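Here is a friendly briefing to read with the model open beside you.

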Amino acid sequence: MNETAKQEDILESTTDAAEWSLEVERVLPQLKVTIRTDNKDWRIHVDQMHQHKSGIESALKETKGFLDKLHNEITRTLEKIGSREKYINNQLENLVQEYRAAQAQLSEAKERYQQGNGGVTERTRLLSEYSLMLGKLTLEGSPGNHLLLLE
């Protein structure tokens, strides 16, 4: 046989269509191609991003309600604190003014004390100096020296 005769035999089918269909049904599960998913495939990443986005949006809805409630409670509490602070300040304003006046009087008294204490210290120093001079004069015993030392 030559080559053209072989090709014609190959191209001509001797099986009938019913047998061919049964054979295809029998081997079809073995012929199915399964593609393993590749984590680097961009389509998978896009699908994951969409899933994550929807998860975040649903969590945001729940969390936003809680945060709004917490914000309202904190705002009310701060308003209460502010009003109580104003009330206490109004009640204690007279006492604060009296305290400031007493502090001013105390500082004036301290200043006068320091001035008076400085004068006493100076006079005490002069007294001790004169006492030393007097002691020296009494030891020397000469009346003319008394007048010179006092000058």
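Glu122 and Arg125 sit three residues apart in helix 3, about one turn of the helix, and they form a salt bridge whose closest N and O atoms are 2.5 Å apart. A salt bridge here is a side-chain nitrogen of Lys or Arg within 4 Å of a carboxyl oxygen of Asp or Glu. This is a predicted model, in which local features need pLDDT of at least 70 and side-chain atom pairs count only at pLDDT 80 or more, while totals for chains, interfaces and linings use all residues. Residues are numbered from 1 along each chain as its sequence is written, and side-chain values use heavy atoms, with hydrogens and water left out.

**Salt bridges**

- By the salt-bridge rule, the count comes to four.
- Glu122 and Arg125 also belong to a network of salt bridges that includes Glu129.
- Glu122 is partly exposed, with a relative accessible area of 36%, and Arg125 is partly exposed at 41%; buried means under 20% relative accessible area, exposed over 50%, and partly exposed in between (1.4 Å probe, protein chains only).
- Glu57 and Lys53 are four residues apart, about one turn of the helix, and Glu57 counts as partly exposed because its relative accessible area is 40%.
- In helix 2, Glu23 and Arg26 are three residues apart, about one turn of the helix, and their salt bridge has its closest N and O atoms 2.5 Å apart.
- Arg26 counts as exposed because its relative accessibility is 55%, whereas Glu23, at 35%, is partly exposed.

**Helix 2**

- Helix 2 covers residues 17-31 and has a kink of about 35° at Glu25, shortly before the proline Pro29; the bend at a residue is the angle between axes fitted to the seven residues ending there and the seven starting there.
- Asp16 caps the N-terminal end of helix 2, with a side-chain oxygen 3.0 Å from the backbone nitrogen of Ala18.
- How many of the 15 residues of helix 2 are buried? The count is one, and this helix is hardly covered.

**Other features of helix 3**

- Thr138 is found in helix 3, which spans residues 42-140.
- A polar atom of the Thr138 side chain lies 2.9 Å from the backbone oxygen of Gly135.
- Thr138 counts as exposed because its relative accessibility is 55%.
- Leu70 is also in helix 3, and its relative accessibility of 44% is why Leu70 counts as partly exposed.

**The whole chain**

- The chain has four helices and zero strands, and along the sequence it reads α-α-α-α; helices (H or I, at least four residues) and strands (E, at least two) are DSSP runs, numbered from the N terminus.
- Of its 151 residues, 1% count as buried.
- The accessible surface comes to about 14,800 Å², and 58% of it belongs to carbon and sulfur atoms; these areas come from the Shrake-Rupley method with a 1.4 Å probe, and for residues only the protein chains shown count as cover.

Technical notes. Polar contact = N/O pair within 3.5 Å; in protein donor to acceptor, adjacent residues only side chain to side chain.
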